[in-house]
Amino acid sequence: MTIQWYPGHMAKAKRQVIEKLKLIDVVIELLDARIPYSSRNPMIDEIVTNKPRLVLLNKADLADPKKTDAWISYFEEKGIKCIAVNAQDKQDMKRIISESKVLVQDKFEKMKAKGIKNTRAIRALIVGIPNVGKSTLINRLANKTIAKTGDRPGVTTGQQWIKIGKEFELLDTPGILWPKFEDQDVGYRLAITGAIKENLLDLQDVVVYLLLFLIKEYPGNLQERYQLTAIPTDMIKVFDEIGKFRGCLMGGGLIDYDKTAEVIIRDIRSARLGRITFETPLE
C-alpha cells in the first residue's frame, strides 16, 4: 500500500513559514513520542536554519517511557534540546517556556551588548505534522481555547499569532506533511497514530501492519488486552479471536473485519493496549 497525502494548504503553509522565519527567535518542533522519526518532517531541517530549536516529544503519556528516554538522548547527542511532554500537564507547559527562554538567551545578550534594547516578547514558531497535538498544546500554554482542536489531521488551516503571557508569543502553523514518503513504514505509522485521514487508506491493511508489530515487540500487551491465551500464526485467526472477544459480529456469527480493525485502531490510539512506541533511534 502506498500512502500519500499533501493537500494544497500544506504547500502554502511551507511558503508562509519561510516568509515568517525572519521574525522568529526560537523554533518549537512538535513530534509524536510514539513515532519520533516518522512524525519528523525532513523538510523542517531545510526550512528552519540558523534558529535555536526545541524538540518536544508530545503525547509522552501514550509512549513507552524507556524508548522516550532513548529518543531524548538521541536528539541531545545531535545538539538539539529535547524534552518529553504531555499537553495535559501544567508543569510541562511551564518547562516549554523556560527552555525556550534559555535557547534565546544568547541572541538577546548579543543584542544587549550592541546597545539594542529589547522590550518585545520572545517569538516562537511552532511546527509539526497534522494531528501531532499542536492546537491542544497551544491552548494549554495560553490557558484558554484559542486554537481549534480535533482528533483528526488538517484542523488548523491558517497561521495565527498567539500571546502566552507578556513574555512569549507563538506563531501557530497548519500541520505540514512532506509530499512523498520514501519509507512506507513511515506511512503506516502515521496512519496508525492518526496523522493521515482514514478515508485515504485501507484500514484493515494498516491494522495488519500494526498487529505484526505488536506480535513482535509487545505480544504481552496484545494478549492481555484481548485475553488471548496464545497468538495465532494465521492473521485471519488473530482477527477472528479479537473480533469475537470484542463482539464485532455480523449475521450468522461471522466476524466483521472492518469493525474489528476500527476497534483495534481506537484501542491503540487511546493506549488501551498500553504505552507503545513504534520506533527506536537505531532504526
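A residue counts as buried when its relative accessible area is under 20%, as exposed when that area is over 50%, and as partly exposed in between, using a 1.4 Å probe and protein chains only. By that rule Ser-39 is buried, because its relative accessible area is 1%. The structure is a predicted model, in which local features need pLDDT of at least 70 and side-chain atom pairs count only at pLDDT 80 or more, while totals for chains, interfaces and linings use all residues. Residues are numbered from 1 along each chain as its sequence is written, and side-chain values use heavy atoms, with hydrogens and water left out.

**The chain as a whole**

- The chain contains ten helices and six strands, where helices (H or I, at least four residues) and strands (E, at least two) are DSSP runs numbered from the N terminus.
- Of the 283 residues of the chain, 49% count as buried.
- Taking contact to mean heavy atoms within 4.5 Å, 68% of the contacts between residues at least 6 apart in sequence join residues at least 24 apart.

**Two loop residues**

- Ser-39 lies in the loop between strand S1 (26-32) and helix H2 (42-47), and, leaving aside neighbours within four places in sequence, Ser-39 is in contact with Leu-31, Asp-32, Ile-129 and Leu-190.
- Ser-39 and Leu-190 are 151 residues apart in sequence, yet their C-alpha atoms are 7.0 Å apart in space.
- Asp-61 is in the loop between strand S2 (53-58) and helix H3 (65-77), and Asp-61 counts as partly exposed because its relative accessibility is 35%.
- When residues up to four places away in sequence are not counted, Asp-61 touches Asn-86 and Arg-275.

**Helices H7 and H10**

- Helix H7 (residues 203-217) packs against helix H10 (residues 257-269) at an angle of about 55°, with the axes 9 Å apart; axes are lines fitted to C-alpha atoms, for helices over the stretch in contact, and angles run from 0 to 180 degrees between N-to-C directions.
- H7 and H10 are therefore oblique to each other, since angles under 35 degrees count as roughly parallel, over 145 as roughly antiparallel, 65 to 115 as roughly perpendicular and the rest as oblique.
- The contact of H7 with H10 has eleven nonpolar, one polar and two charged residues, where Ala, Val, Leu, Ile, Met, Phe, Trp, Tyr, Cys and Pro count as nonpolar, Asp, Glu, Lys and Arg as charged, and the others, Gly among them, as polar.
- The buried residues of H7 include Tyr-209 and Phe-213, and what covers the buried residues of H7 includes H6, H8, H9 and H10.

**Helices H6 and H10**

- The axes of H6 and H10 come within 9 Å and cross at roughly 85°, and the two helices are therefore roughly perpendicular to each other.
- Ala-191, Ile-192 and Thr-193 of H6 make this contact with Ile-265, Ile-268 and Arg-269 of H10, and the residues divide into four nonpolar, one polar and one charged.
- Among the buried residues of H10 are Thr-260, Val-263 and Asp-267, and the buried residues of H10 pack against helix H6 (184-193), H7, helix H8 (219-226) and helix H9 (235-245).
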